[in-house]
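User: Hi! I've just opened this one and I'm new to it. Could you walk me through it?
Analyst: Happy to. Let's look together.

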Amino acid sequence: MGWPLAVSAGLMDKSPRALFRALWALAAGHLLATLLVLLPFAFLLVLAEWQRSIQLGASLLVITFGVYRLIERRHPRTLARIPPAQLALWSFAVAIAHGAALMLVPIYLGLCQAFELDAGHEAAGVLMKASLGMAVLASLVHVAAMIGAGGCLAWLVYRYLGLRFVSRSWFNLDAIWATSLIVVGVVALVFNLASWQ
């Protein structure tokens with residue numbers, strides 16, 4: 001989601017170096033956010049007796065945040081120009097608030113255990129719960145893939161399409177994203193409450 005900001009930085013400074021500085025800052029913030037979400041759940045294996053309460057709380061938190069995003073849809077206009085020094089903080093905050101790191105939470109909400117999984121999902125679940133080192137490695141791979149894909153998009157838009165294309169083609173998927181958060185939260189809550197009884 002941050003690659004348009006990298007394009008903006010490059011276009012405003014008229015320099016590809018500004019685009020790549022912005023991508024590094026986005027990667028740093030996204031990695032911190034991913035680790036912030038993954039590390040507590042990695043420690044959750046040690047605190048197994050609190051797992052049920054944490055799962056229920058996470059379900060309610062995801063639902064609440066989804067409802068909030070459906071109600072509050074505005075994007076601040078000040079995001080068009082964020083200095084690289086503040087971009088890592090922005091990336092961290094948005095990855096937490098916008099749910100990038102929340103994509104990994106269904107594994108810990110118990111959704112992945114409710115169904116018979118294919119080998120890929122089983123392997124992902126085992127790897128994520130294996131150790132703290134594996135959680136860090138999963139975070140690094142996730143950030144590398146995200147920055148790689150977003151960086152390619154940012155570079156192509158910056159180099160070949162420019163600001164006119166971005167301003168004309170921009171669209172907002174917030175309502176779809178917020179609704180998906182609510183659905184995932186409700187499903188997780190139902191599965192957790194059903195398995196509790």
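Predicted model: local features only at pLDDT ≥ 70, side-chain atom pairs only at ≥ 80, totals over all residues.

User: Which residues of helix 3 are buried?
Analyst: They are Gln55, Leu56, Ala58, Ser59, Val62, Ile63, Phe65, Gly66 and Arg69.

User: Why would residues a few places apart point the same way?
Analyst: An α-helix has 3.6 residues a turn, so residues three or four places apart point the same way.

User: At what angle does helix 3 pack with helix 8?
Analyst: Helix 3 (residues 51-71) and helix 8 (residues 174-196) pack at about 155°, and their axes are 8 Å apart. Because angles over 145 degrees count as roughly antiparallel, helix 3 is roughly antiparallel to helix 8.

User: And what kind of crossing is it?
Analyst: Helix 3 passes helix 8 in a left-handed crossing. Where helix 3 and helix 8 touch, the contact residues divide into 17 nonpolar, 7 polar and 3 charged.

User: What about helix 8 itself, how many residues has it?
Analyst: Helix 8 has 23 residues and reaches 33 Å from first C-alpha to last, close to the 33 Å expected at 1.5 Å a residue. Its buried residues are Asp174, Ala178, Leu181, Ile182, Gly185, Ala188, Leu189 and Asn192.

User: Let me zoom out. How many helices and strands does the chain have?
Analyst: There are 8 helices and 0 strands. Reading from the N terminus, the elements run α-α-α-α-α-α-α-α.

User: What share of the chain is buried?
Analyst: Of the 197 residues in the chain, 37% are buried.

User: Okay, new topic. How many salt bridges are there?
Analyst: The structure holds 1 salt bridge. It joins the side chains of aspartate 13 and arginine 21, at 3.8 Å from N to O.

User: How accessible are aspartate 13 and arginine 21?
Analyst: Aspartate 13 has a relative accessible area of 35%, so it is partly exposed. Arginine 21 is partly exposed too, with 43%.

User: Now helix 1. Which of its residues are buried?
Analyst: In helix 1 (residues 3-13), the buried ones are Pro4, Leu5, Ala6, Val7, Ser8, Ala9 and Gly10.

User: What follows helix 1?
Analyst: Lysine 14 does, in the loop between helix 1 and helix 2 (16-44). Phi of lysine 14 is near 55°, a positive value in a residue other than glycine.

User: Is lysine 14 buried or exposed?
Analyst: Lysine 14 is exposed, because its relative accessible area is 74% and the cut-off for exposed is over 50%.

User: And what about alanine 18, where is that?
Analyst: Alanine 18 is found in helix 2. At 2% relative accessibility, alanine 18 counts as buried.

Definitions and conventions
Residues numbered from 1 in each chain as written. Heavy atoms only, no water. Salt bridge = Lys/Arg side-chain N within 4 Å of Asp/Glu carboxyl O. Buried < 20%, exposed > 50% of the residue type's maximum accessible area, 1.4 Å probe, protein only. Axes fitted to C-alpha atoms, helices over the stretch in contact; angles between N-to-C directions. Helix = DSSP H or I, 4+ residues; strand = E, 2+ residues; numbered from the N terminus. Parallel < 35°, antiparallel > 145°, perpendicular 65-115°, else oblique. Left-handed = near helix turned anticlockwise from the far one by under 90°. Nonpolar A, V, L, I, M, F, W, Y, C, P; charged D, E, K, R; others polar. Expected span 1.5 Å × (residues − 1).
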